[in-house]
Amino acid sequence: MSPRKRLKYPAAVILHLTDVCNLRCKMCYFWGETGAYSRARAKGKPKILDFELAKEIIRELGSSRPKPWYSLFGGEPLTYPYLEKLICVIKDMGSVVDTPTNGTLLSKYAPMLVRTGFDQVRVSIDGPREINDMQRGEGSYDKVMKGIKDLHLEKQNADSQTPRICILFTITPENHLSIEDFFLKNEDLDLSMINHVELQVQNFVTKTMGKEYSKFLKSELGTKNDIYWKGMLRSTKDFENMDTIELARQGNKVCNHLKELGKTYFLQPPTYSPENLAAYLKADWKNMTDQYEDCRQPWLTTEINASGEVVACHIFHELVMGNLHENSFEEIWYGEPYQKFREYLEQYKFIPICNIGCCMLYIGGNKKAIPLISELS
């Protein structure tokens with residue numbers, strides 16, 4: 001049976017807990033230099049998700065089978081003021097929960113994460129100290145590395161296997177030659193503490209894609225909202241000096257070492273060959289090795305942003321399907337906007353912004369994508 005017709009409710013729910021973040025990472029499409037929430041573009045005070053609303057939705061979806069998997073996003077999710085209470089609600093309903101985090105607050109929250117049975121943290125760190133701090137902010141490297149060690153120690157003291165600790169390494173022009181140095185030559189990193197590694201080449205949108213997407217938004221959804229896709233806008237010239245031969249060599253060497261250690265890993269794009277990486281960075285999607293026939297996300301996942309809006313895509317929050325302050329989740333999930341959006345994808349497979357570099361496309365289309373829900377359940 002098609003996954004599009006199998007589930008009453010989504011298998012995975014992304015809760016965008018807060019727009020607040022304590023870092024200003026240069027490449028971030030939310031709080032980066034051109035991001036949706038940057039000082040130059042943000043309007044008003046950063047929002048946080050209403051806890052009572054989140055609790056209501058989690059309980060509404062708690063009766064579904066299989067239980068939905070939750071991922072907590074931001075901003076920085078560890079700044080959410082109701083985090084522990086929210087985790088407890090999710091775990092009480094029998095669901096798996098994970099989060100990406102910039103890691104700078106891990107030491108503070110490590111005891112709580114272990115105590116509540118939190119399933120996985122994906123810690124963003126992008127190279128040795130000098131390179132990471134250039135990209136993410138001075139002093140962030142030391143805070144993150146200490147946080148990983150403190151969380152590992154809390155797990156040991158509690159004789160707990162969770163939270164699993166994942167390293168999320170975002171590859172940019174500035175750090176793409178430091179993968180081997182960070183993972184294989186770094187005295188600060190003890191890979192025995194790490195369960196999983198993700199190497200993700202920076203996502204981006206070209207101006208041509210953005211213009212076509214704007215036309216789609218106006219004709220199909222009647223909106224001119226452009227702050228999200230413009231936060232990812234990059235020129236392929238930004239990447240033209242990246243050495244894809246060396247990037248492929250380092251990426252594959254690190255992954256082979258992780259495999260020898262029995263660690264899981266996930267690559268975006270999944271094929272780390274010089275040719276495939278070069279096509280990715282040139283936005284030459286049609287000549288990539290990694291091709292998928294369609295996007296399954298609007299049938300399998302959903303995202304609830306900090307304003308209570310249900311959006312059909314993890315990255316592009318212009319795709320608003322309804323607001324939970326006005327309608328129930330069931331009304332939105334089966335409502336006309338979602339149905340029309342799914343029908344569009346049934347016919348055209350993708351919308352203009354769906355480049356082959358989309359992280360959700362890889363996770364949805366790649367059967368080997370890690371972490372799998374079954375691994376965390």
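**Reading burial and a helix face**

User: Is Cys-166 buried or exposed?

Analyst: Buried means under 20% relative accessible area, exposed over 50%, and partly exposed in between (1.4 Å probe, protein chains only). Cys-166 has a relative accessible area of 0%, so Cys-166 is buried. Cys-255 also counts as buried, at 3% relative accessibility. This is a predicted model, in which local features need pLDDT of at least 70, side-chain atom pairs count only at pLDDT 80 or more, and totals for chains, interfaces and linings use all residues. Residues are numbered from 1 along each chain as its sequence is written, and side-chain values use heavy atoms, with hydrogens and water left out.

User: How many disulfides does a search of the whole structure find?

Analyst: A disulfide is a covalent bond between the sulfur atoms of two cysteines. With a cut-off of 2.5 Å between cysteine sulfur atoms, the search finds 0 disulfides.

User: Which residues of helix H6 are buried?

Analyst: Helices (H or I, at least four residues) and strands (E, at least two) are DSSP runs, numbered from the N terminus. H6 covers residues 140-157, and its buried residues include Tyr-141, Val-144, Ile-148 and Leu-151. Seen down the axis of H6, the buried residues fall within an arc of 155 degrees (from the directions of the C-beta atoms), so they line one face of the helix. On the other side, Gln-156 and Asn-157 are exposed.

User: What do the buried residues of H6 pack against?

Analyst: Using contact (heavy atoms within 4.5 Å), they pack against H4, S4, helix H5 (129-136), strand S5 (164-171) and helix H7 (179-184). After H6 comes Asp-159, with a positive phi near 50 degrees.

Key
Expected span 1.5 Å × (residues − 1).
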